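I opened my notebook to go through this model piece by piece. Here is what I looked up, in order.

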Amino acid sequence: MIEIALKALFILIYATFIGFMFMGMIRIVTARIHRRVGPPIYQPILDTIKLLSKKSNITHGLIYDFGVIYALGATILAIMFIPLGNIGVLRAYGDLVLITFLLEIPMLGIMFAAMSSGNPYAGIGAQRALLTMLAIQVPLGFAIVALAEYYGTFSTYEIVMAQQSMGWSITALPLLFAAIAYDLVLQAMFGKEPFDIMIAPGEISLGPMVEFGGKHMGILQIQHAIALFGETLFFSNIFLGGAAITIFGSSILNTIATLVVLLIKQTAVLLVATFMGAIFPRFTIDQATRFYWKWPTIIAALGAILATL
Amino acid sequence: MVDWRLYEPLINFARKRSMWIVAFCTGCGGIEMPPLATSRYDFERFGIMPNPAPRMADLFLITGYVTPKTLKRIIITYEMQPDPKYVLAHGSCPLNGGVYWDGYNAIKHLDKYLPIDVAIAGCMPRPEAVMDGIQKMMELIETGKADGWKRYKENYEYYKKNQDELFGEGWREKTARRWIPWLMDKKKEVREE
Amino acid sequence: MTLEKEENVVRQILEKAPYAEGKVRRARRIEFHIPAERIREFLTLLKESNFETMMQITAVDWIKDGEIELVYQMWSYTHAVHAFVKTRIPREVEKAKVPSVKDIYPVAETYERDAHEFYKVYFEGNEKLEMPWILEDEDREAGVCHRKDFDMLSYVKRKYKILDRFEEDKEDYVI
């Protein structure tokens, strides 16, 4: 009992810390691409401390406060279900559909809070974010179906174990297609160009987050950090062969080795997303929807059909 | 409970190394912002980032002259920011009117209407001078002396009296309603057609 | 360089408008003086002779003559020539009225608003003259205008209460 609580606490702290490092990595890699010296890599931690220490908070009622906590809670629950070496707490119960669902709820929570604030920019941003979510469901669905057909199971833990013996998922052709489609969906889930129409700094003043200040924004930064960690971890588990190392004798060394291998894979996913984000401008919402319902859907559907053969 | 005053050095370090600017470039000095933000005099190394939402920003750069029309919007935006907030004034126009000392449309002494923490001299100050001003701002935050927001809260009657003398009483409602008769008449025309 | 093209343009227009006087100032710049009641005819004529755009309506305050001079600045893309069209109207606020040209050149509506706000010239036929433009309400109520008989420095001193670089008894000052 105590052991499970300690593991959950460790996962939470580790996820928050690594998530902040990932956010800092995005900023510093983008800065180096622009040939600038970027901020130090621990910059998002300073941002969050500054936001949480603001002395006045503007609140627009109960739903406004509740939406933010709801988003954070759903993200924390999502990372408990993803297998993380041998310290994943609820990994036996985490299947693909559940984790995908839990990783999309935070956007809904932010939408509640944003729309209840009454700012017209927040309303426009919330509409666009919901449309983006609608657009990414189709390729996402086909990718999950491709995985399930290929491995014959929906459970994430069994997929990870199967990859230890059969090699990484992306070496199989149908799953390569599914991985490409899922990577494009990841761009929208992170909120990076070219699909950052829901954040859209400067165009609609940060969209749904225009009214959040002070402590609400601090909680949203923590949520963004944990969400980055969770989404990259999920991708590396199902497509890049998440690690389950048992070669060392003691379990602590095993855990550390597992975490390091997973960290390398997560960083690779993040860097691919950052490089794509630094190059492209922003799509408008109808271009983004049309894009997602054309090519990623075709690629993922092809993957799903090939996986059944 | 935890006594947060013990953590003041850490909180001041975080506040000085991650100032977010409200992306509202008043006046002619807005042209000095891109050199600061791009690769030559990069200010993102200090954690400064432009941010379009006033609710999340703490630093307000008043770059250049301020007209009464802009000052109304600046005051509304300044009051939307959460405490603690800082104001950095560039150029000689917010100090004493600068080149427009005899103009009917430029505010002569900005400190009467809005509390200024650091003023940078020049017409327009070069990016190196602005970096110097930002360094001084960071020093003031670190020692806890950047208290423009406290001065605004404590002396609100003084600032409000000056603002009302300049704009007339009840200027917020009048500004918000100014365009409505013109827009409503147009709408009536469209509907009648 | 010869100014043949400009002289051709001036001659063509003066043939059709005998009440006007025109001359060539330099290359690409010609000037016409017309009486105030013929302004609409003249601008219609200019529009038909390929002067496609109106660039500005400028007002000049001749306080000693007691008149305000309105300069309509027209540009022609086909001839590549800038034409000044100058008229004079009496200066008193009740008598400074001129018909509006916004149906000939639709952009004139904005420029007439500009001239009305700062020089109190009334353009008949333009109903949007009082729309909010550059001056704020408190300035408009105090009657701020750029005419030479409005004492701008004392208005600034009353409004801002500081005019610390102006000394009343100096004629010209070096700042």
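**Entry 1: chain B, overall**

I began with the secondary structure of chain B, which comes to nine helices and five strands. The model is predicted, so I read everything below as computed from a prediction. I then followed chain B along the sequence and wrote down the pattern α-β-α-β-β-α-β-α-β-α-α-α-α-α. For dimensions, I took the C-alpha trace of chain B along its principal axes: about 65 × 45 × 35 Å. Chain B has 193 residues, and 39% of them are buried. I also checked the contacts in chain B with a separation of 6 or more; residues 24 or more positions apart account for 80% of these.

**Entry 2: strand β3 of chain B**

Next I picked one strand, β3 of chain B, residues 59–63. How many of its five residues are buried? Five of the five are, so β3(B) is largely enclosed by the rest of the structure. I looked at each face in turn. One side carries B:Leu59, B:Leu61 and B:Thr63, and the other carries B:Phe60 and B:Ile62. Both faces are covered.

I then asked which strand pairs with β3(B). I found strand β4 of chain B, residues 86–90, joined to β3(B) by five bridges. The two strands run parallel. I noted one bridge by name: B:Ile62 has B:Ala89 as its partner in β4(B). Helix α3 of chain B, residues 68–80, belongs with this pair. Together β3(B), α3 and β4(B) make a right-handed β-α-β unit.

**Entry 3: helix α5 of chain A**

I moved to chain A and its helix α5, residues 120–151. I checked its length. At 1.5 Å a residue, the 32 residues of α5(A) should span 46 Å, and the end C-alpha atoms are 46 Å apart, which agrees. I still found a kink in α5(A), of about 30°, at A:Gln137. Just after the helix, I noted A:Gly152 with a positive phi of about 75°.

I stopped at A:Val138, which also sits in α5 of chain A. Is A:Val138 buried, exposed or partly exposed? It has 17 C-beta neighbours inside 10 Å, so I logged A:Val138 as partly exposed. Leaving out residues up to four places away in sequence, A:Val138 touches A:Tyr292, A:Trp293 and A:Thr297. I also looked up A:Leu62, 76 residues from A:Val138 along the chain. Their C-alpha atoms are separated by 33 Å.

**Entry 4: chain against chain**

Which chains share the most contacts? Of the two pairs of chains in contact, it is chains A and B. I counted 29 residues from chain A and 18 residues from chain B in that contact. Helix α2 of chain A, residues 43–52, gives the largest share of chain A's side, five residues. By class, I sorted chain A's side into 12 nonpolar, 10 polar and seven charged residues.

I turned to chains B and C. Here 17 residues of chain C are in contact with 13 residues of chain B. On chain C's side, α4 (137–141) and α5 (152–160) each supply at least two residues. α5(C) gives the most, with six residues. I divided chain C's side into 11 nonpolar, no polar and six charged residues.

No contact joins them, and their closest C-alpha atoms lie 24 Å apart.

How values were computed: Residues are numbered from 1 along each chain as its sequence is written. Chains are lettered from A and ligands numbered from 1 in the order in which they are written. This is a predicted model: local features need pLDDT of at least 70, side-chain atom pairs count only at pLDDT 80 or more; totals for chains, interfaces and linings use all residues. Two residues are in contact if their C-beta atoms, placed from the backbone, lie within 7 Å. Helices (H or I, at least four residues) and strands (E, at least two) are DSSP runs, numbered from the N terminus. Ala, Val, Leu, Ile, Met, Phe, Trp, Tyr, Cys and Pro count as nonpolar, Asp, Glu, Lys and Arg as charged, and the others, Gly among them, as polar. A residue is buried if 20 or more other C-beta atoms lie within 10 Å of its own, exposed if 12 or fewer, and partly exposed in between; C-beta atoms are placed from the backbone. The expected span of a helix is 1.5 Å times one less than its number of residues. The bend at a residue is the angle between axes fitted to the seven residues ending there and the seven starting there. Two strands pair if DSSP finds at least two bridges between them. A crossover is right-handed if, with the strands pointing away from the viewer, the path from the first strand over the helix to the second runs clockwise.
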